[in-house]
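Subject: Structure for you to look at

Hello,

Here is the structure I said I would pass on. Please open it alongside the notes that follow.

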Amino acid sequence: MVSLSDSLETVLGAKAADMLEEQIKVQTVGELLRYVPDRYVKQGDLSGERKPEPGERLTVVARVEENKTIPIRNSRRKMVKLVVFDGNVRIAVTFFNSPWIAAKLPKGTRVMMAGEVKYFRNELQLTHPNWLLLPEDGTSIEADDAVGSAVMAGIAKALAVDAGDGGGEKDGSIDFSEFLRDVIPVYRGTAKLQAWTIWQCVRAVLGQLDPIDDPLPETERLARGLIGADEALRKIHVPEGQNDIDQARARLKFDEALALQLALAQRRHVDRGAAGPVCRHVPGGLEDKMIARLPFTLTEGQAAVIDEISADLAAPITAADQSSVAPMSRLLQGEVGSGKTLVALLVMLRVIDNGYQCALLAPTEVLAAQHLRTLEAMLGGLAREGELDGEEGATRIALITGSMKTAAKRTALLETVTGQVGILIGTHALLQEHVDFFNLGFVVVDEQHRFGVEQRDTLRSRGRDGIVPHLLVMTATPIPRTVAMTVFGDLETSTLRELPRGRQPITTSVVPRGNPKWVQRVWERVNEEVEAGRQVYVVCARIGDDGTAAGQKSERKGAEAAAEPATSAVDMFTTLSEGPLGVHRLGLLHGRLPADEKALLMADFTAGDIDILVSTTVIEVGVDVPNATTMVIVDAERFGVSQLHQLRGRVGRGGLPGLCLLVTGASEMSPAMERLRAVAESNDGFALSIVDLAQRREGDLLGSLQSGQTSSLKFLSLLTDGDLIEDTRALADEVVGRDLTLVEHKPMAGLVDSILGPVRLAYLDKS
């Protein structure tokens, strides 16, 4: 008999197993059985519930209503044109130069067809589909009598009835009862692997599969009204009706949620027993000095988050051991400009007050340099220990990036390893092996979505004497709570929603490129802002000569993606410099510039020596220029909702109202225009994140968990299944709290492996 972990080669043979691995990336019995039907063909509703997309491969069982043979103009060839009806939808079917098909498929004939969907004048069409004639009476015919295209006739012959009890011999007849079922599963096939071949393989596996040990104890299963795991896997592939499908989906959705939460719970508990540095408030220390010089009071949200973090840093592991705490792992998310950097700084100062060092990891050199300037400006003399204008008890801040000159990098590394530097800021260069700390106690990761788990864990491994540094992950991309519980499920979550007093709202308008007067008004408005002494960003989607800018991908699909290339930053800079705006001071910033040139440009813009900065998305996060009030985003349809929200957050940061103008060539009724209108209508990043997720779907958001593979999550919705995610998270914490490696819960361990797969588990563990 067969188990879920068995190789498909041992069950189906090498030829079939190789084809399944090559075409749909499945290798084991469990992976094949979790390759669930894309839809179901039902008697009286044989095309399923949704309208197929152009280019999608469609399998349909229908009856021929029209049959015409039409001469092709200026040719001796003829075209066979059919209209078939499946009880729900009429489909136009065309065969070129195959007049014999007309005789095989007269009116009234019942036929199965599989081909690529096209539309013409809103009419669904199939051109040269594979097809198979289905008998009206009886359920079997001789294999040699199968009538259809070569591919479909071959599939039908492959379904020839096994003799006896599965001895493997074929009796030469084809069982058509499968085609006559009330509900027929249809799988997402490929050009080389038809849906019916997948179903044949699934049926062969199910026929040999041993009953599956249920990962869920019966009491837990019954309390949730779920069917068994074995029953669910069989019903999803061989349902007798809609009720079977609904029951199977409910159970498989639960299993997906549980598998994810078990893996994430293991990450949450992996530091259990490890010791983090105790960092309690030190009266009169750097933290108190920093708070005393703030020209404003902290928002209620900032104060609440600091209290949450303070509890993590000071709570002892046990009442008996007051000398160590569990290492903190916390996500800090918040709106653009909500004050996350100040929160992180105050926590870093508390850690320094307790004798430990801090590391701040940033995704780009521009952002790392911005953090350095921001922290030095906020701290003043408190950041200049040992210098003439340094204050008593001051610390030092250093920067390390990949492009720094050797001498400067060597100095920063030496001062870090000797303990002189309290805060080391850097890019991926911080992760290099030769970067050592005297006594690292706290790691801050800015814009976590740019880093993997392994990268943040690399820094956490550099504590001294077995101490695991605390971790604070920051993101300015608001995330719905249920999404955060999954994507950042190994972290506790703190949220900042309140904006600091004095922060002005940002007005956003969509400007169709097809209206020349509106576009002209955009540049007139830019000129007015500069004439008033303010500064402007102009953001483009690509640099200049090879398509997209670093890290920037077009989200457009279909006809939109086929449109003309986006305006480049280089071309825009030239256009503006040679036009009326050329009287102003313009700068060009993009990711390919040398690091010192990028730093100089940003310093000049911050100092007010550049009026208009033409840039790619390198200014997306962290850049803070209070005098910048206006942003023009060119080809705005090329950006996602969250990215647009991030970009516009660069303006309106200095007490003056902000303006963001989205210049777009998107058509009025397109999904891209829907995105842009959503951004224009709301400044609420959390609301926009839901819009973003609804358009992108969870598969995109969970891409890092998929390691580039097709999503294994078929049923779980991070937007609508919040209660289920919370339920499985609590269950996973309870199980993993007692059995970290799931050695006493082998079916649950198998569930994690079968749903997430070895590669995805490796991601959760390491990347």
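Of the contacts in the chain with a separation of 6 or more, 72% are between residues 24 or more positions apart. This is a predicted model, and the chain has 767 residues, of which 52% are buried. It contains 25 helices and 24 strands.

On confidence, the average pLDDT over the chain is 82, and 82% of the residues score at least 70. Two stretches need care. Residues 161–170 stay under 50 in pLDDT, and the model gives them 11 contacts beyond four places in sequence. Residues 547–562 also stay under 50, with 31 contacts beyond four places in sequence. Where pLDDT is low, the predicted coordinates should not be read in detail.

Helix 9 covers residues 242–269 and helix 24 covers residues 722–738. How do the two pack? Their axes are 8 Å apart, at an angle of about 45 degrees. An angle from 35 to 65 degrees falls between roughly parallel and roughly perpendicular, so helix 9 and helix 24 are oblique to each other. Helix 9 passes helix 24 in a right-handed crossing.

The residues that meet there include Phe 254, Leu 258 and Leu 262 from helix 9, and Ile 725, Leu 731 and Val 735 from helix 24. By class, this contact has 11 nonpolar, 5 polar and 5 charged residues. Among the charged ones are Lys 253 and Arg 268 in helix 9 and Asp 727 and Arg 729 in helix 24.

Regards

How values were computed: Residues numbered from 1 in each chain as written. Predicted model: local features only at pLDDT ≥ 70, side-chain atom pairs only at ≥ 80, totals over all residues. Heavy atoms only, no water. pLDDT = per-residue confidence, 0-100. Contact = heavy atoms within 4.5 Å. Axes fitted to C-alpha atoms, helices over the stretch in contact; angles between N-to-C directions. Helix = DSSP H or I, 4+ residues; strand = E, 2+ residues; numbered from the N terminus. Parallel < 35°, antiparallel > 145°, perpendicular 65-115°, else oblique. Left-handed = near helix turned anticlockwise from the far one by under 90°. Buried < 20%, exposed > 50% of the residue type's maximum accessible area, 1.4 Å probe, protein only.
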